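Here are a few notes to read alongside the model. Keep the 3D view open as you go.

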Amino acid sequence: GFGEIDQYGNVNVSKFNGIIPGCGGFIDIAHRTPELVFCGSFTAGGADIAIGGGRLTIRKEGKYRKVVEKVEQITLNGQEALRKGQDVMYVTERAVFKLTPQGLELTEAAPGVDIQRDIVGLIPFPIIVKAPLEMDPALFQ
């Protein structure tokens, strides 16, 4: 999971919004794993999201953004992960991102999501958007 991710691919799982859950074994596991897949919600704090009919509907955004310009605390250094040759992905309910040397790249988007309004417009830094695939609508039945 992740609490925050930033434009450099850094991940914060240990300190955010005045909460200090700590990192536990996160650093030990993430340091040597060749492929890292972080899963979490795109926003937090009261989001109202519906799934059905093969699509995702965002009725209300959460009040906390989890994709931020700079994480409050670096628990995983994204640039170091790239240097070591690790593959890093971030999976949310509405989008999948891959860490590249040029930054975060949107690789998939949920059906029903407006890429500009519901993803790109909520990220405080530029991301790479080439031709993201649509997630399998069967996942949203």
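1. In what order do the five strands of the open sheet lie? The order is β3-β9-β10-β11-β12, and the pairing is mixed. Bear in mind that this is a predicted model.

2. Look at the edges next. β3 (35-39) and β12 (128-134) stand there. Each has a single partner strand, so one side of each is left without a neighbour in the sheet. From one strand to the next, the twist averages 25°.

3. A word on what holds such strands side by side. Strands of a sheet pair through backbone hydrogen bonds, and the pairing is either parallel or antiparallel.

4. β3 and strand β9 (residues 87-91) run parallel, joined by five bridges. Find Glu35: its bridge partner in β9 is Asp87.

5. Stay with β3 and check its two faces. Leu36 and Phe38 make up the covered face. Glu35, Val37 and Cys39 make up the uncovered one.

6. Strand β11 (residues 103-109) runs parallel to β12, and four bridges join them. Ala109 has Glu134 as its bridge partner in β12.

7. Finally, pick out Ala50, in strand β5 (residues 48-52). Is Ala50 buried or exposed? Its relative accessibility is 19%, and buried means under 20%, so Ala50 counts as buried.

8. Which residues does Ala50 touch, leaving aside those up to four places away in sequence? They are Arg55, Leu56, Thr57 and Arg59. Compare Val13, which is 37 residues from Ala50 along the chain. The C-alpha atoms of Ala50 and Val13 are separated by 26 Å.

Definitions and conventions. Residues numbered from 1 in each chain as written. Predicted model: local features only at pLDDT ≥ 70, side-chain atom pairs only at ≥ 80, totals over all residues. Heavy atoms only, no water. Pairing = 2+ DSSP bridges. Axes fitted to C-alpha atoms, helices over the stretch in contact; angles between N-to-C directions. Buried < 20%, exposed > 50% of the residue type's maximum accessible area, 1.4 Å probe, protein only. Contact = heavy atoms within 4.5 Å.
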